[in-house]
Amino acid sequence: MFRRRIRKRPVFLCAVLFIVSGLLFTGCIPISRAYTSEEKKAFLEEAKTILSDYFSQEYPGAVIQEIQEEPAISGPDDSGDLQYVLTSAASGQFRWQNETYRFAVNTETGEIFTSVHEKEITDRLREKLIQGFHLKVSESAVIRCNVYYLPCQNLLPENGSPFENLFPEGKNAEALLQDILEDPEEYQVSLSLQYKGQKLLPENLEQEPPFPSLFYASLYHISEEHAF
């Protein structure tokens, strides 16, 4: 197995967020909310209006299946419970042309992010990584690919992290791919692959990152007699 770490901060951030999420899920951290149910309802209706207007033009027939607010932690109240406040972000899922996609929307700016191009971008990033190691694309498979759009951290200023595999609307997959490959200030990529083929040689693994936004990569080699 080849494993290469270029930056450790994002991996650490993901681990912290995973632990906090687990504590919240299991009830180990008490939760209270500083906003009312009426405020939440009004916020989600605003988000739905923005999405519906956009989907009617770009994804005719799309149906919002799930939508929720993305709250931020403002700090503990007098009793020690964590206080949550509404941010400008809502997220969820929508159905379009018999496929289900994820979305996020910024109600302040009207920006919309979706996973519509996720598969195409993931496949192209796999090709770039394998080609960078001079291996055969046809003998590789994606285990995990996470693309983080860094500017959307501003949607969750208190405790947020970049949305995973959600891309700004308004560009096709090819234009988004070029942005991802060329702009490490806006995108960071974590990619893990399985590889079935020739024995991995040291010269295969001692390569510079094939694109600057790649901050973590791992390559698992499996024997010829096993399928992916």
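Glu-118 is partly exposed, with 24% relative accessible area (buried is under 20%, exposed over 50% and partly exposed in between, using a 1.4 Å probe and protein chains only). The structure is a predicted model, in which local features need pLDDT of at least 70 and side-chain atom pairs count only at pLDDT 80 or more, while totals for chains, interfaces and linings use all residues. Residues are numbered from 1 along each chain as its sequence is written, and side-chain values use heavy atoms, with hydrogens and water left out.

Glu-118 makes a salt bridge with Arg-102, their closest N and O atoms lying 3.8 Å apart (a salt bridge is a side-chain nitrogen of Lys or Arg within 4 Å of a carboxyl oxygen of Asp or Glu). Because Glu-118 belongs to helix H3 and Arg-102 to strand S7 (residues 99-106), this pair ties together parts that are 16 residues apart in sequence. Helices (H or I, at least four residues) and strands (E, at least two) are DSSP runs, numbered from the N terminus. Arg-102 is partly exposed as well, at 30% relative accessible area.

Helix H3 itself spans residues 118-132. Its 15 residues reach 21 Å from the first C-alpha to the last, close to the 21 Å expected at 1.5 Å a residue (the expected span is 1.5 Å times one less than the number of residues). Buried in H3 are Ile-121, Thr-122, Leu-125, Arg-126, Leu-129, Ile-130 and Gly-132. These residues cover an arc of only 165° around the axis, so they sit on the same side of H3; the arc is that of the directions from the helix axis to the C-beta atoms. After H3 comes His-134, which has a positive phi, near 60°.

Arg-124 has a relative accessible area of 25% and Glu-174 one of 37%. Together with Glu-127, Arg-124 and Glu-174 are linked in a network of salt bridges.

Searching the whole structure gives seven salt bridges. One of them joins Glu-45 to Lys-48, with 3.9 Å between the closest N and O atoms. Glu-45 and Lys-48 are three residues apart in helix H2 (residues 37-58), which means that about one helical turn separates them. Glu-45 is partly exposed at 40% relative accessible area, and Lys-48 is partly exposed at 31%.
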